There are 2 protein chains.
Amino acid sequence: MTNLNLISESKSFGGKLGFYSHPSSTCNGEMRFAVYQPPQATQKSVPVLYFLSGLTCTEENFMAKSGAQRYAAEYGLMLVAPDTSPRNTGIAGEDDEWDFGTGAGFYVDATEQPWHQHYQMYSYIVQELPALIATNFPAQTDKQGIFGHSMGGHGALVCALRNPQLYKSVSAFAPIVAPMRCPWGQKAFSRYLGSNQESWRLYDASELIKQVGYHSPILIDQGTADKFLAEQLLPEVFEQACAAVNQPLNLRYQQGYDHSYYFIASFIEDHIRYHA
Amino acid sequence: MTNLNLISESKSFGGKLGFYSHPSSTCNGEMRFAVYQPPQATQKSVPVLYFLSGLTCTEENFMAKSGAQRYAAEYGLMLVAPDTSPRNTGIAGEDDEWDFGTGAGFYVDATEQPWHQHYQMYSYIVQELPALIATNFPAQTDKQGIFGHSMGGHGALVCALRNPQLYKSVSAFAPIVAPMRCPWGQKAFSRYLGSNQESWRLYDASELIKQVGYHSPILIDQGTADKFLAEQLLPEVFEQACAAVNQPLNLRYQQGYDHSYYFIASFIEDHIRYHA
């Protein structure tokens, strides 16, 4: 495999789950990701579904906890889960905060020092990683979808809205849909992107949807017992933005569910089927 | 709830997953466990299925990684996953080894010092925990099953074979079926139970099955790519013991699967259905 280091591999639901590292030119250092190849991938190329994880996660959380492999095997989809940031870059303080730096790349291309040199997660997700997948795995690169959770739901929406030709479908669990208006987003954007909020709009799903729309309905699940709902997630902002431009949105409030992977696992089947 | 401290709770597949701690009289200190109550449990009492985890695990691994809740919700079973040992007992060296002491209680009642005072996992699993469940949850206590993984597969088999009236069914993933003959078991038994190997027989499924049999067929899944298969797990020893006493055993070798929860998740549906 080109430039890929296989860290571990496990058989899962008749398919193959691998964890990889590779030197990333975009992030200027080692990056990690996980790939689940369904049983069908031994016979033919299959569509690819990217999952972007939330704050503090690695490439492992989704594969270990979501239960997605069962449905990826059923529908014949490849799953790709990248890490949530560069790690061990040497940037001073990178590990000091759980919601910024390591584990919190926010899927943006940082323009500010000292993050600029490594924190290029947006370009990594939409360009370098898909190219690597296309080279090394039996992927139908013209059939890509993307989804994610929390910070990764934000990332999935931004990647899809800005690249509708690359992603045929997008969905999210408890996404940060209005990062310009919430503390997590304001903290990350001000330090990765600087104080000029014009540059933030490119990474705010509620701003983007009004500018560019999306070619397909968007599916979002949101738990009503999610402790981050009112302050950080703000689904009503995205709902209003979609309504303003007649963007079809299926925003489902799931009664009593929280922000955890137990919530994700409970509805992962619907999302996999939606993308399939 | 009697003597129970709720640590956290998440909705999962329409049911309720809770993590609890409580003062254990059997283990002479705090113990932890997790309970998944399926949606049906809001209306009536439901059967209970205990899962015993393997070395290094806590009460969380099974609930986070196995995907069992989906099927427990479908079949209306309560799942109970205890921790794998007492913790923070103050015994010198309890945390020093990954395969002995903390996270490695081996589901025995220790007779040797210094473990004797806390490491009473067998009695905890078959007596104290079920009594606690019966008092605090809508459990059909006359309908209990038990299963487990690796060290926990050993524990499940031992608990079921010695208490066939308490457990209507037993199954296991990659269990340690002949602990008297493998390094993990010999290390644990010699230090928890002492040098008299007669006392070990009470905790060795391959010895027990020849003495007492079991009233129902036993289901075991074993991955062929499991790195512990040849040295530690020895399923062929149990298979021969079952054959010798005409004990029905469904030992399934799963081609290419390893020892991880990815293996467990791939076959958990079969086990839940078997117990249901």
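**Close-up 1. The lining of the largest cavity is made up of seven nonpolar residues, one polar residue and no charged ones.** In this predicted model, the structure holds one cavity of 30 Å³ or more, and about 40 Å³ of space lies in the largest cavity. The residues that line the largest cavity are A:Pro175, A:Val177, A:Ile220, A:Gln222, A:Pro235, A:Phe238, A:Leu249 and A:Leu251. Two or more residues of this lining come from each of three elements of chain A, namely strand E8 (218–223), helix H8 (235–244) and strand E9 (249–254).

**Close-up 2. Nine strands of chain A form an open sheet with mixed pairing.** Read across the sheet, the strands of chain A follow the order E1-E2-E3-E5-E4-E6-E7-E8-E9. Strand E1 (5–12) and strand E9 of chain A are the edge strands, and each of them pairs on one side only. On average, and with direction ignored, neighbouring strands of this sheet are turned by 20° against each other.

**Close-up 3. Strand E6 of chain A pairs in the parallel sense with E4(A) and also with E7(A).** Strand E4 (residues 46–52) and strand E6 (residues 139–149) of chain A are joined over seven bridges; within this pairing, A:Pro47 has A:Gln140 as its bridge partner in E6(A), while A:Tyr50 has A:Ile146 as its bridge partner in E6(A). The pairing of E6(A) with strand E7 (residues 169–173) of chain A runs over five bridges, and here A:His149 stands opposite A:Phe173 in E7(A).

**Close-up 4. Helix H3 of chain A lies across several strands of chain A.** The strands that helix H3 (residues 121–136) lies across are strand E2 (15–24), strand E3 (29–37), E4, strand E5 (78–82) and E6, all of chain A.

**Close-up 5. Helices H6 and H8 of chain B meet with their axes within 9 Å.** Two packed helices are described by the angle between their axes and by the distance between the axes. The axes of helix H6 (residues 205–212) and helix H8 (residues 235–244) of chain B cross at roughly 5°, and angles under 35 degrees count as roughly parallel, so H6(B) and H8(B) are roughly parallel to each other. In this contact, B:Ala205, B:Ser206, B:Ile209 and B:Lys210 of H6(B) meet B:Val237, B:Phe238, B:Ala241 and B:Cys242 of H8(B). The residues of the contact of H6(B) with H8(B) comprise six nonpolar, one polar and one charged.

**Close-up 6. The largest pocket, with about 920 Å³ of space, is lined by 49 residues.** Among these lining residues, B:Lys65, B:His259, B:Ser260, B:Tyr261 and B:Tyr262 lie nearest the centre of the pocket. The elements that give two or more residues to the lining belong to both chains: E1, helix H1 (61–65), helix H2 (68–75) and helix H9 (261–275) of chain A, together with helix H1 (61–65), helix H2 (68–75) and helix H9 (261–275) of chain B. The lining of the largest pocket divides into 23 nonpolar, 17 polar and nine charged residues.

**Close-up 7. The second largest pocket, with about 590 Å³ of space, is lined by 23 residues.** Nearest the centre of this pocket lie A:Lys65, A:His149, A:His259, A:Ser260 and A:Tyr261. At least two residues of the lining are supplied by each of H1 and H9 of chain A and strand E1 (5–12) of chain B. Ten nonpolar, nine polar and four charged residues make up the lining of the second largest pocket.

Notes:
Residues numbered from 1 in each chain as written. Chains lettered and ligands numbered in written order. Predicted model: local features only at pLDDT ≥ 70, side-chain atom pairs only at ≥ 80, totals over all residues. Heavy atoms only, no water. 1 Å grid on protein atoms, 1.4 Å probe; cavity = no way out; pocket = protein on both sides within 12 Å on 5 of 7 lines; lining within 4 Å. Points joined across faces, edges and corners; volume = space filled by probe spheres on them. Helix = DSSP H or I, 4+ residues; strand = E, 2+ residues; numbered from the N terminus. Nonpolar A, V, L, I, M, F, W, Y, C, P; charged D, E, K, R; others polar. Pairing = 2+ DSSP bridges. Axes fitted to C-alpha atoms, helices over the stretch in contact; angles between N-to-C directions. Contact = heavy atoms within 4.5 Å. Parallel < 35°, antiparallel > 145°, perpendicular 65-115°, else oblique.
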